Amino acid sequence: MAAFTSNAIHYSSTSSLQHLVPSLEGTRDHSSCWVSMRSQKFTVQRLHQQNSTRGLKIQSAATKQAKTPAEEDWKIKRETLLGKKVRSVEAKEALRLQKENKFVILDVRPEAEFKEAHPQDAINVQIYRLIKEWTAWDIARRAAFAFFGIFAGTEENPEFIKSVEAKLDKNAKIIVACSSGGTMKPSQNLPEGQQSRSLIAAYLLVLNGFTNVYHLEGGLYAWFKEGLPTVSEE
């Protein structure tokens, strides 16, 4: 899952989220100076004064940060992957390519999942990592994930390409794998296929000059279901 981001509010303070509660509750107070319930307009000057004391910055949509390559629309990614002739292969074909043609399986799941079980001789570089920092912004993102029942929130790994380059040459034959795999194949319900972590990773790889990138159709779920060679580090 892609990391939770906000286009509107950035927290620059490292103070606790308790400072946020009064400001949010103020929007429900009819006498609040933040919101006029009659006019439905923000009192901008007072808002900025409140924000400066709480360490908040309000950004308009016009000044929001540009998307990272991993956050690009799936349609753009899919067109690039097809244009770069990235092939999708099923699990048994991936095993054959690994054994006979020196393909490397690049497992982009989180490290903990990789250690539980992975294809033999696979290499792990996680494309998303657990949110580890404890700034107010990171706590807020964890809370947002928890709201949807996700208690191990993740964020894009900024070291992904650098880590892959440290382990693999750009001419290496790579099969990118994640849990579900996703697909570039159109269907009646999914006319443009379905995005996945492995397809996002493949997109980043071809953007950064890797020339032999394949994708594991059906993901590692299919690999394990087929009973193909698997090892565990736990």
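Analyst: Gladly! Helices (H or I, at least four residues) and strands (E, at least two) are DSSP runs, numbered from the N terminus. This is a predicted model, where local features need pLDDT of at least 70, side-chain atom pairs count only at pLDDT 80 or more, and totals for chains, interfaces and linings use all residues. Residues are numbered from 1 along each chain as its sequence is written, and side-chain values use heavy atoms, leaving out hydrogens and water.

User: What comes just after α8?

Analyst: There you find Gly209, which takes a positive phi of about 95°.

User: Why is Arg129 called partly exposed?

Analyst: Buried means under 20% relative accessible area and exposed means over 50%, with partly exposed in between (1.4 Å probe, protein chains only). Arg129 has a relative accessible area of 27%, so it is partly exposed. This residue lies in strand β7, residues 128–130.

User: What makes helix α8 mostly covered?

Analyst: In α8 (residues 197–207), 10 of the 11 residues are buried. Among them are Arg197, Ser198 and Tyr203.

User: Which residues touch the most other members of the largest nonpolar core?

Analyst: A nonpolar core is a set of buried Ala, Val, Leu, Ile, Met, Phe, Trp, Tyr and Cys residues joined through side-chain atoms within 4.5 Å. Of the 29 residues in the largest one, Leu81, Phe160 and Leu205 touch the most other members. The largest share of this core, 8 residues, comes from α8.
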